[in-house]
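Colleague: I'd like to learn how to read a model like this one, feature by feature. Could you walk me through it?

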Amino acid sequence: MSGKGDEFTCAKCGGAFTKNRSDEEVAAEAGVLFPGLDVGDPEEAALVCDPCFWRMMAWAQAEAPELIGPGWRGPGEDGRP
């Protein structure tokens, strides 16, 4: 992991960006949105730019709200009913 001010490549659009938040802040937000997510596992999480993140979240909120918050993995997979 690296910190605020470091460069990264968006896993969605491929653009190059400068981080405006620390990895810890991003991991904390991911933990709220997707409880139980392993942010260190590339099969589960990827670093994306803000525009791509907001497009993905807008889609999920409109089309698949069950993919956000507790229970996003399905019943029992994150320790919740």
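This is a predicted model: local features need pLDDT of at least 70, side-chain atom pairs count only at pLDDT 80 or more; totals for chains, interfaces and linings use all residues.

Colleague: Is phenylalanine 53 buried or exposed? And what about tryptophan 54, buried or exposed?

Modeller: The general idea is to compare the relative accessible area with two cut-offs: under 20% is buried and over 50% is exposed. Phenylalanine 53 has 17%, so this residue is buried. Tryptophan 54 has 53% relative accessibility, so that one counts as exposed.

Colleague: Good. Now the overall layout: in what order do the elements of the protein chain run?

Modeller: Start at the N terminus and read β-β-α-α. That gives two strands and two helices. The chain has 81 residues, of which 26% count as buried. As for its accessible surface, the total is about 5,400 Å², and carbon and sulfur atoms hold 57% of that.

Colleague: What share of the contacts with a separation of 6 or more comes from residues 24 or more positions apart?

Modeller: In this protein chain, such residues account for 46% of those contacts.

Colleague: Next, pockets. How much space lies in the largest pocket?

Modeller: First the general idea: rolling a probe the size of a water molecule over the atoms shows where empty space is left. Here, the largest pocket holds about 920 Å³. It is lined by 32 residues, and Val26, Ala46, Leu47, Val48 and Phe53 are the closest to its centre. Strand 2 (16–18), helix 1 (23–33) and helix 2 (50–63) each give two or more residues to the lining.

Colleague: Which element gives the largest share of that lining, and what is the lining like by class?

Modeller: Helix 2 does, with seven residues. By class, the lining has 23 nonpolar, six charged and three polar residues.

Colleague: Could we finish with two single residues? Where is the place of aspartate 38?

Modeller: Look in the loop between helix 1 and helix 2. Aspartate 38 has 39% relative accessibility, so it counts as partly exposed. Its C-alpha atom is separated by 9.1 Å from that of alanine 27, which is 11 residues apart from it along the chain.

Colleague: And alanine 60: which residues does it touch, not counting those up to four places away in sequence?

Modeller: Alanine 60 touches Pro65 and Ile68 on that count. This alanine lies in helix 2. With a relative accessible area of 7%, alanine 60 is buried, since the cut-off is under 20%.

Technical notes. Residues are numbered from 1 along each chain as its sequence is written. Side-chain values use heavy atoms; hydrogens and water are left out. Buried means under 20% relative accessible area, exposed over 50%, partly exposed in between (1.4 Å probe, protein chains only). Helices (H or I, at least four residues) and strands (E, at least two) are DSSP runs, numbered from the N terminus. Contact means heavy atoms within 4.5 Å. Accessible areas come from the Shrake-Rupley method with a 1.4 Å probe; for residues, only the protein chains shown count as cover. On a 1 Å grid over the protein atoms alone, a cavity is a set of points where a 1.4 Å probe fits but cannot get out, and a pocket is an open set with protein on both sides within 12 Å along at least five of seven lines; lining residues have an atom within 4 Å of a point. Grid points are joined across faces, edges and corners, and a volume is the space filled by probe spheres set on the points. Ala, Val, Leu, Ile, Met, Phe, Trp, Tyr, Cys and Pro count as nonpolar, Asp, Glu, Lys and Arg as charged, and the others, Gly among them, as polar.
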